[in-house]
Amino acid sequence: MLRVTCPWCGAREQVEFSCHGEAGIARPADCSSLDDRGWGEYVFFKENAKGITLERWEHIHGCRRWFIALRDNVTDCFLGFSKPGEDFPQVPSSYRQALSCASIPMPRSAGGYGKNDKKVVLKR
Ligand SMILES: [Zn+2]
């Protein structure tokens, strides 16, 4: 079971959350000057990069708050979380792709990983 850590509520099962896609995309400075194509590209065209990404999540079956998650979409490891207005989470220096998610130290305020949390180990 994949676990997501709400910055307010702590670690919960993924079914309590909804991912709303890529985060950290700068809003156009003057939205009213965009034509339909430009607006559509801003709203719908995302990088969808493989690897470590910033994502917007909502705790829909909990506090209903939005937050930012830093996740490796290859391993499904969550690397950090932040509340709106806070600095984006940074990749922990201890993280190396293909290691177990359980080896990543999480901030105590974010709830950390419990003994029953998902562990990902890639096959070589
Ligand atoms: Zn919450």
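Because the model is predicted, local features are reported at pLDDT of at least 70 and side-chain atom pairs at pLDDT 80 or more, while totals for chains, interfaces and linings use all residues. Residues are numbered from 1 along each chain as its sequence is written.

The protein has 1 helix and 6 strands. Both element types are DSSP runs, numbered from the N terminus: helices are H or I runs of at least four residues, and strands are E runs of at least two. Along the sequence, the pattern reads β-β-β-α-β-β-β.

Strands E1 (residues 3–6) and E2 (residues 10–13) pair in the antiparallel sense. Their pairing spans 4 bridges. Two strands count as paired if DSSP finds at least two bridges between them. A hairpin of 3 residues joins E1 to E2. Within this pair, Thr 5 stands opposite Ala 11 of E2.

An open sheet is built from 4 strands, in the order E3-E4-E5-E6. Its pairing is antiparallel. Strand E3 (18–22) and strand E6 (77–82) are the edge strands, each pairing on one side only. On average, neighbouring strands of this sheet are turned by 35° against each other, direction ignored. The axes behind this angle are lines fitted to C-alpha atoms, for helices over the stretch in contact; angles run from 0 to 180 degrees between N-to-C directions. Strand E5 (residues 66–72) runs antiparallel to E6, and 5 bridges join the two. Ile 68 has Ser 82 in E6 as its bridge partner. In general, strands of a sheet pair through backbone hydrogen bonds, either parallel or antiparallel.

Buried residues make up 20% of the 124 residues in the protein. A residue is buried if 20 or more other C-beta atoms lie within 10 Å of its own, exposed if 12 or fewer, and partly exposed in between, with C-beta atoms placed from the backbone. The largest nonpolar core holds 12 residues in all. A nonpolar core is a set of buried Ala, Val, Leu, Ile, Met, Phe, Trp, Tyr and Cys residues joined through C-beta atoms within 7 Å. Its members include Val 4, Cys 6, Phe 17, Trp 57, Phe 67, Ile 68 and Phe 78. E1, E5 and E6 each supply at least two residues of this core. In soluble globular proteins, nonpolar side chains tend to be buried together.

Contacts were assigned where C-beta atoms, placed from the backbone, lie within 7 Å. Of the contacts with a separation of 6 or more, 48% link residues 24 or more positions apart. Leaving aside neighbours within four places in sequence, Phe 78 is in contact with Val 4, Thr 5, Ala 69 and Arg 71.

His 59 lies in the loop between strand E4 (52–58) and E5. His 59 is buried, because 20 other C-beta atoms lie within 10 Å. Beyond its neighbours within four places in sequence, His 59 contacts Cys 6, Cys 9, Glu 16, Phe 17, Arg 64 and Arg 65. The C-alpha atoms of His 59 and Arg 12 are separated by 9.3 Å, with the two residues 47 residues apart along the chain.

Arg 64 is found in the loop between E4 and E5. Its phi is positive, near 65°, in a residue other than glycine. Arg 64 is exposed, because 8 other C-beta atoms lie within 10 Å. Asn 48 is found in the loop between helix H1 (36–44) and E4. Asn 48 has a positive phi of about 50°, although it is not a glycine. With 9 other C-beta atoms within 10 Å, Asn 48 is exposed.

Terms used
Contact = placed C-beta atoms within 7 Å.
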